[in-house]
Amino acid sequence: MQEDRATRLKRLQMRSMRRGIKEMDILLSAYAAASLEQMNDAQLDLYDQLLHENDQDLYQWVTGQAEPQERFRALVAEIAQTHKK
């Protein structure tokens, strides 16, 4: 069953807010609130895939402590920029 765009955006926003560690709740929920509405389907697919990654890895990627997987590099850079503004 295919979910409609509004449902998908709500699901991704909720998954961004309900992470395993508080730091990722803060980082990802702010990014999701600012960016999800403007994303196309391919970008939403990639963000959905990112949300399946381990929080410890995500935190290290976003804070520059570790290099993200190639497919996530641009997205992680955007997330990191959200909090530098």
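The model is predicted: local features need pLDDT of at least 70, side-chain atom pairs count only at pLDDT 80 or more, and totals for chains, interfaces and linings use all residues. Residues are numbered from 1 along each chain as its sequence is written, and side-chain values use heavy atoms, with hydrogens and water left out.

Start with the fold. The protein chain has five helices and zero strands. Helices (H or I, at least four residues) and strands (E, at least two) are DSSP runs, numbered from the N terminus. Along the sequence the pattern reads α-α-α-α-α.

Next, the overall dimensions. The C-alpha atoms fill a box of roughly 40 × 25 × 25 Å, taken along the principal axes. The radius of gyration is 12 Å, which agrees with the value near 12 Å for a compact globule of 85 residues. That radius is taken over C-alpha atoms, and the globule rule is 2.2 Å times the number of residues to the power 0.38. Contact means heavy atoms within 4.5 Å. Of the contacts with a separation of 6 or more, 56% join residues 24 or more positions apart.

Now the surface. The protein chain exposes about 5400 Å², and carbon and sulfur atoms supply 49% of it. Accessible areas come from the Shrake-Rupley method with a 1.4 Å probe; for residues, only the protein chains shown count as cover. Buried residues make up 38% of the 85 residues. Buried means under 20% relative accessible area, exposed over 50%, and partly exposed in between (1.4 Å probe, protein chains only).

Charge comes next. There are 12 positive and 14 negative side chains, and the centres of the two sets lie 3 Å apart. Lys and Arg count as positive and Asp and Glu as negative; His and the chain ends are not counted. Each charge is placed at NZ of Lys, CZ of Arg, CG of Asp or CD of Glu.

Turn to the interior. A nonpolar core is a set of buried Ala, Val, Leu, Ile, Met, Phe, Trp, Tyr and Cys residues joined through side-chain atoms within 4.5 Å. The largest one has 22 residues, and Leu28, Leu36, Met39, Tyr47, Leu50, Leu75 and Ile79 touch the most other members. Helix 1 (5–17), helix 2 (22–35), helix 3 (41–50), helix 4 (55–62) and helix 5 (73–82) each give two or more residues to this core. Helix 2 gives the most, with five.

Leu50 sits in helix 3. At 1% relative accessibility, Leu50 counts as buried. Not counting residues up to four places away in sequence, Leu50 touches Leu58, Trp61, Phe72, Leu75, Val76 and Ile79. With the same exclusion of residues up to four places away, Ile79 touches Leu28, Tyr31, Tyr47, Leu50 and Val62. Leu50 and Leu36 are 14 residues apart in sequence and 13 Å apart in space, C-alpha to C-alpha.

Gln13 is in helix 1. Beyond residues up to four places away in sequence, Gln13 touches Ser29, Ala32, Ala33 and Leu36. Ser35 lies in helix 2 and, at 15% relative accessibility, counts as buried. Ser35 and Glu78 are 43 residues apart in sequence, yet 9.5 Å apart in space, C-alpha to C-alpha. Asp57 belongs to helix 4. At 33% relative accessibility, Asp57 counts as partly exposed.
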